[in-house]
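Trainee: I am new to this structure. Please take me through one part of it closely.

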Amino acid sequence: MTGKVTLVGAGPGDPGLLTRKGEAALRSAEVVVYDRLVAPELLELLPPTAERINVGKEADHHPVPQWRTNEILLEKALEGKNVVRLKGGDPFLFGRGGEELELLAERHIPFEVVPGVTSALAAPAYGGIPVTHRDFASSLHIVTGHAKAGSHLHINFKALAEAGGTCVFLMGVSALERICGGLLDAGMGADTPAAVVERGTLPTQRKVVSTLGRLAEEARQAELHSPAVIVVGEVVSLSDRFDWFDAPPLKGRTIVVTRPKRRAGALRSRLHELGADVVDYPCIETLPRQENLPLEECLSRLRTFEWVAFTSSAGVEVFFDALWRQGMDGRALSCVKLAAIGPSTAHALEERHLRADYMPPVYDTEHLALGLAERTKGPVLLPRAAMGSPILSRVLAEQGVAFTDVPVYDTVFPGEHAVALLPLLAAGETWVTFTSASTVRGFVGSLEPGTDLSRVLGLCIGPQTAAECVRHGIRTRIAREATVPALVELILNAAQE
Ligand code: SAH
């Protein structure tokens, strides 16, 4: 059976601008053929088994020619695959989407089109420019500024000038001077407001607002590059008043997130919302222990414990998976009390409809141990990381509480990606979030021994994490409590100084 090709508009850059239909298509794709300008976050929606084919231009290789892209789509569909062709912005706006469908139509391959949010509208919108406005412009003209090497621009400047609406030029940065000159020659006023929005909708968006007469010069001084849109028309005069995107407090700030990927969601999306440029740099991964005989043994005699104390949501997950595999469920816990180190661990229990009987006032292992000691002499079951903090067992032992420490997962260091970080470290002070001592160890371990860490600022969730930073010569700041919201608050405070 032949497969199907879905032409999906990926939006202009901000991954939040993918449509729901586009997301559904990505989630069920078997092959995705994508371009250079597609947000990398979107590829994370793909099933892990999906084949990824990059046909865009990269620094070190030429783009796949259009005829070959068309052929790849055909070949994969003939193999019976569910193919997604993911294109920047909207696939039919200067995206050659139509060309890609021709061969498919000819060969009777089924296809669908999912429109996308085009940069022609989104980049001005993120620059505070409404492309039409009752008082200023009643038409919009979207024009390509692309000219084949050495050839003339084929733009009817006279018609644009006479129409009097807003003009948006795509692919026009390298021809900016000729575009502005063309409009001026056609009679448009030199004082007509005009702007360039570079990398629109991305955290690194930049904007130059000027007049038609001066735009080319000012854009050159600001060293604006592709991708960028040029907007010409009276509506551009609104861009300062409506400038909402440049306002977020963490705008222009790069922040490295070291949490394991699966758990980084809340932190990274909050930082992103606040305008930060978030760099995913997972420094640890949690691997559940398979065939965990010590855990199985403890589960089979849960009645003999008084408390089960959890120190991470990963521990909760692995514990309940093992319980389930052994043919038990939440009822098996009716005989024990439950402790959680902090709110996100307690939340993992709540998701299983269980309440924590105890959560310490300060969310760290020392306070958990002291709190437990006030309530029990044990035995306490501690299903936690193999490399969990030794403080917990030490304080419990000092307090005379009996406990069984059962490793349920191992913490491993991916450590394969240090290269991505080097330009950041070289550029100046680098802000890195640490949510556990193990993320600090993973971070340091991922770098060459001897790397200068004096310019790293460790934004730490708690004192134990900070202590690990200090051990490696990393300067620190510590959140007022060990929660993600408090960590975000710490970052906002640091950014305001
Ligand atoms: N189909 C795409 C356009 C493809 S042509 C769309 O609908 O957006 C490529 C041009 O799009 C670039 O040269 C640039 O002018 C514009 N572009 C794409 N992404 C952009 C972005 N994030 N910010 C500004 N312009 C962008």
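Let me begin with the ligand: how far is an oxygen atom of the ligand from a polar backbone atom of Ala228?

Mentor: The distance is 2.7 Å, in a model that is predicted. Taken alone, the ligand exposes 540 Å². The protein buries 91% of that area.

Asp90 has a backbone N or O atom 2.8 Å from an oxygen atom of the ligand. At Pro12, a polar backbone atom lies 2.9 Å from a nitrogen atom of the ligand.

Now take the whole shell.

Pro227 sits in the loop between helix 8 (215–221) and strand 10. The peptide bond from Ser226 to Pro227 is cis, with omega near -5°. Most peptide bonds are trans.

Which residue meets this stretch from elsewhere in the sequence? Look at Val173. Val173 touches Ala228, and also Leu224, His225, Ser226 and Ile230. Val173 belongs to the loop between strand 7 (166–170) and helix 7 (176–185). In sequence, Val173 and Pro227 are 54 residues apart. In space, their C-alpha atoms are 7.8 Å apart.

Pro379 lies in the loop between helix 13 (365–375) and strand 16 (380–385). Then there is Glu291. Its phi is positive, near 45°, and Glu291 is not a glycine. Most residues other than glycine have a negative phi. Find Glu291 in the loop between strand 13 (285–288) and helix 10 (293–300).

End with a helix pair. Helix 9 (residues 265–273) packs against helix 18 (residues 484–496) at an angle of about 35°. Their axes are 10 Å apart. The crossing is right-handed. From helix 9 come Leu267, Arg270 and Leu271. They meet Val484, Leu487, Val488 and Ile491 in helix 18. By class, this contact has six nonpolar, no polar and one charged residues.

Terms used: Residues are numbered from 1 along each chain as its sequence is written. This is a predicted model: local features need pLDDT of at least 70, side-chain atom pairs count only at pLDDT 80 or more; totals for chains, interfaces and linings use all residues. Side-chain values use heavy atoms; hydrogens and water are left out. A polar contact is a pair of N or O atoms within 3.5 Å; within protein, one must be able to donate a hydrogen and the other to accept it, and residues adjacent in sequence count only if both atoms are side-chain atoms. Accessible areas come from the Shrake-Rupley method with a 1.4 Å probe; for residues, only the protein chains shown count as cover. Axes are lines fitted to C-alpha atoms, for helices over the stretch in contact, and angles run from 0 to 180 degrees between N-to-C directions. Helices (H or I, at least four residues) and strands (E, at least two) are DSSP runs, numbered from the N terminus. A crossing is left-handed if the near helix is turned anticlockwise from the far one by less than a right angle, and right-handed if clockwise. Contact means heavy atoms within 4.5 Å. Ala, Val, Leu, Ile, Met, Phe, Trp, Tyr, Cys and Pro count as nonpolar, Asp, Glu, Lys and Arg as charged, and the others, Gly among them, as polar. Lists of a residue's contacts leave out its neighbours within four places in sequence.
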